[in-house]
Amino acid sequence: FKPVPYWKVIALANNIEFTHPKDIFKKSELDDFKNIKEANAETIKKEEKIPPPPPFDLTSLQKEAHSKHNISPSGTLKIAQSLYLDGLISYPRTSSQKIPEQIKPLEILKKLSKKYSETKLASRSSPVEGPKSDPAHPSIYPTGDFANLEEDNKKIYELIVKRFISVFCPDAKTANKKITLTADNGKNFTASGLIVLEKGWTNVYPYKFEERSLPDMFGKTKIDKIRFDEKMTQPPNRYTAASLISILEKKNLGTKTTRSMI
């Protein structure tokens, strides 16, 4: 990989940084921005509903355990198999993101409520599901039984429990704002903001929004400064154990059981 220099163009207005949406690779093109002194501001606001992520299949559990707890895919499979043999979760070697009515999910939620107060937020009549299915097994779900667990076993179990509860919880709701500054020469800059209106399922399952409050802006706006940040292109990220699992799945290499060993 050979790094290549490029520039990000930043406009400062009202103590807010606005970014030109395209990276500049020709230094001569920076001249088009140097004399910008004002721009026309437009603010677009919209609310967005964000549904909970679907139930775990084995691959998504392995990725999430690696991301949140740095547990290897093979370690996650080993722990999940142990939890299954102890009767705490369903069969883990599954590709499904479905929760069929046959497993009586509402009864499982009732059992979990003895230990997890978050179940009171589970107000959906039917769960959020993903597109993947497995003719042999449903998604990974807790049985509603409990045991004294420690360290990584407890972390994996609680990921499964809270994901299961969260798919029965309401959507999160955010207020999104995008401000666009357009100069007379057509060059534009944008800044985005987000405020959480309702946390919904994120009260149960760990997820963090990057909140940023912005004022409404309309009409002619003074540009206080144009800044050019020089950067270098970066090589593609190296594979992690979790991302390699995803690639193997996409290319249909190995099976859900053998990919962590590969």
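These questions and answers go through the reasoning behind several labels in a predicted model.

Me: Why is His20 called buried?
Reply: Its relative accessibility is 8%. Buried means under 20%, so His20 qualifies. His20 is found in the loop between strand E2 (16–19) and strand E3 (38–50).

Me: What makes the approach of Asn188 to His20 a polar contact?
Reply: The backbone oxygen of Asn188 is 2.8 Å from a polar atom of the His20 side chain. The limit for such a pair is 3.5 Å. Neighbours within four places in sequence aside, His20 also touches Val9, Phe33, Lys187 and Phe189.

Me: Why is the pair of Phe33 and Phe189 called edge-to-face?
Reply: The ring centres are 6.0 Å apart, and rings pair within 6.5 Å. The planes meet at 70°. Over 60 degrees counts as edge-to-face, so the label holds.

Me: How do you know that this pair links distant parts of the chain?
Reply: Phe33 is in the loop between E2 and E3, while Phe189 is in strand E5. They are 156 residues apart.

Me: Are Phe33 and Phe189 buried or exposed?
Reply: Phe33 has a relative accessible area of 1%, so it is buried. Phe189 has 0%, so it is buried too.

Me: What makes Tyr207 and Phe209 an aromatic pair, and of which kind?
Reply: Their centres are 5.0 Å apart and their planes are at 70°. The pair is edge-to-face. Together with Trp201, the two residues form one aromatic cluster. The structure holds eight aromatic pairs.

Me: Why is Tyr207 called partly exposed, and why is Phe209 called buried?
Reply: Tyr207 has 47% relative accessibility, so it counts as partly exposed. Phe209 has 14%, so it counts as buried.

Me: What makes Arg163 lie over the face of Tyr205?
Reply: Arg163 is at 5.1 Å from the ring centre of Tyr205. The distance limit is 6 Å.

Me: How do you know that the length of helix H1 agrees with its residue count?
Reply: H1 covers residues 58–69, which is 12 residues.

Me: Which residues of H1 are buried, and what covers them?
Reply: Leu58, Thr59, Ser60, Leu61, Gln62, Glu64, Ala65 and His66 are buried. Their cover includes helix H2 (73–85), helix H4 (151–166) and helix H5 (241–250). Just after H1, Asn70 has a positive phi of about 55°.

Me: What makes up the largest nonpolar core?
Reply: This core has 38 residues. Leu83, Leu112, Tyr157, Phe164 and Ile165 have the most contacts inside it. H1, H2, helix H3 (105–112), H4 and strand E5 (188–198) each supply at least two of its residues. H4 gives the most, with seven residues. Another core lies apart from it, with 21 residues, among them Ala13, Ile24, Leu214 and Ile223.

Me: Why is Leu121 called partly exposed?
Reply: Its relative accessibility is 31%. That value falls between the 20% and 50% limits, so Leu121 counts as partly exposed. Leu121 is found in the loop between H3 and H4. Its contacts beyond four places in sequence are Phe168, Cys169, Pro170, Asn203 and Val204.

Technical notes:
Residues numbered from 1 in each chain as written. Predicted model: local features only at pLDDT ≥ 70, side-chain atom pairs only at ≥ 80, totals over all residues. Heavy atoms only, no water. Helix = DSSP H or I, 4+ residues; strand = E, 2+ residues; numbered from the N terminus. Buried < 20%, exposed > 50% of the residue type's maximum accessible area, 1.4 Å probe, protein only. Polar contact = N/O pair within 3.5 Å; in protein donor to acceptor, adjacent residues only side chain to side chain. Contact = heavy atoms within 4.5 Å. Expected span 1.5 Å × (residues − 1). Core = buried A, V, L, I, M, F, W, Y, C linked by side-chain atoms within 4.5 Å. Phe/Tyr/Trp six-rings, centres within 6.5 Å; stacked < 30°, edge-to-face > 60°. Lys NZ or Arg CZ within 6 Å of the ring centre and 35° of its normal.
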